[in-house]
Protein chains: 2
Amino acid sequence: MVEEIYQHTRQLVSVDCIIFGYENDELKLLVFKRWIEPFKGELSLLGGWVNHDESVTNAAKRVLKLISGLNDIYLEQVDVFSEVDRDSGGRVISVAYYALMNIDEQNRHLIEHNSATWVSLKNKPKLIFDHDDMVDKALEKLRIKATYDLIGEHLLPEKFTLLQLRKLYNAIFLREFDPGNFRKKVLSLKVIEQLDEKDTFESKRGAFYYRFKKLIQVNYGNQIFRIEN
Amino acid sequence: MVEEIYQHTRQLVSVDCIIFGYENDELKLLVFKRWIEPFKGELSLLGGWVNHDESVTNAAKRVLKLISGLNDIYLEQVDVFSEVDRDSGGRVISVAYYALMNIDEQNRHLIEHNSATWVSLKNKPKLIFDHDDMVDKALEKLRIKATYDLIGEHLLPEKFTLLQLRKLYNAIFLREFDPGNFRKKVLSLKVIEQLDEKDTFESKRGAFYYRFKKLIQVNYGNQIFRIEN
DNA sequence: GCAAAAGTGTTCATAATACACCCATGT
DNA sequence: ACATGGGTGTATTATGAACACTTTTGC
């Protein structure tokens, strides 16, 4: 029997996705031309409603799959945005997620879905509502994530050089990392492994390709240990 | 004009508050006896619905004020809990917040509101739904917060000794901090100031009282204490 | 005197940083 | 030859952790 306490006023709940990509030594953001009022035609993040039969995270995954065709997109929750007047179309509580995707792999789908554009974060256009705040907070979270974990698995190609990885970090933190120190630090983490192949596009001498190790997560009670293959 | 796109199915949205306090060298949690079905009579976190005319954070503040009588309670968002079947009374999306409060100051209000009890985290009873997960995640967030910022302003009395502060940290991290090193580290942060008064209850020699400086703290990512492992 | 906490100083290991230096190769 | 990035090594500095040691005072 459902108590009357469960008959409270209900809210529109949405997800908004801050989709980051990496291209030409720059961190980019995927923005969409809005097709409904209010602010029809203006730029916004990718959004969608949360259905009754799915979790909020699943709503974000569903929406991302819809535009990219991909199932396993890396997602992190950013924050809940719920100011009463944040959406001039109505009272909407929105949960923001940032997603990381490889631009090259996804370009085809996104071009078909032609209301979407990759823009450089350096000259990001104004977005509707509080979407600019969402991007700022997402970038902040991404930077924190990148200080604790080596990211790049979802932004770089399968195999990449240390130069590419360093340039990605340069783009995220807007500073120049020392090549030698960056190399030593990254390799000490033991989360990427060297391949036999070399890249000769970016350097004359040739730089070894690396890839992220395939890690299996084993759950022992409460603690999760990451164990190598 | 409201577009039909804003006529999507709406959700019940709630807040749940993980209220931490500190007493007798232990971190405590405020739990409530549930007065509605399902699970009437069992223990739960403090919860409440989000109204149409308030932000989610304001809903948490409102609910906290209702039980404590206090306006400015320290709050941090923990996470969104939205599994479809997490609440057996219906589909409810819940935003969890942790709150820090000084137990001594609030005891009167809470005793009046006698369905509430402070329990030690060491022998925390089972709570309903996914509230145990909420507590775990809140504690995790609190620990992270305490590594970056010196906390205690909302858990300790106005004036406190370094011993009290250290015991609070011992309780949060469940380990013993070295007295000398703790003192040096804490004082180097320059966020607390020594008073002229001494406490002679806890030590024979007498220990200076300290209090948090009244100023805006800007802390950019320097860790205070390292978490092991 | 002894215990207990206050408070200071010293040593050691580790990690980040700055930077020098040689290697390999395409132009 | 030289510019460019690859890759290694080293000195310096900062920081945390371990711990020794003195001070003060109630019991």
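This briefing covers how two chains pair up and what lies inside them. The model is predicted: local features need pLDDT of at least 70, side-chain atom pairs count only at pLDDT 80 or more, and totals for chains, interfaces and linings use all residues. Residues are numbered from 1 along each chain as its sequence is written, chains are lettered from A, and side-chain values use heavy atoms, without hydrogens and water.

**Interface**
- In chain A, 41 residues are in contact with 42 residues of chain B (contact means heavy atoms within 4.5 Å).
- The copies meet through the same surface, because 100% of the interface residues of chain A are also interface residues in chain B.
- The rule finds 0 salt bridges between chain A and chain B (a side-chain nitrogen of Lys or Arg within 4 Å of a carboxyl oxygen of Asp or Glu).

**Cores**
- The largest nonpolar core has 52 residues (buried Ala, Val, Leu, Ile, Met, Phe, Trp, Tyr and Cys joined through side-chain atoms within 4.5 Å; buried means under 20% relative accessible area, with a 1.4 Å probe and protein chains only).
- Ile19(A), Leu64(A), Ile19(B) and Leu64(B) touch the most other members.
- A second, separate core of 40 residues includes Val119(B) and Tyr169(B).

**Cysteines**
- Cys17(A) is buried because its relative accessibility is 0%.
- Cys17(B) is also buried, at 0%.
- The structure holds 0 disulfides over all chains (pairs of cysteine sulfur atoms within 2.5 Å).

Methods:
Buried means under 20% relative accessible area, exposed over 50%, partly exposed in between (1.4 Å probe, protein chains only).
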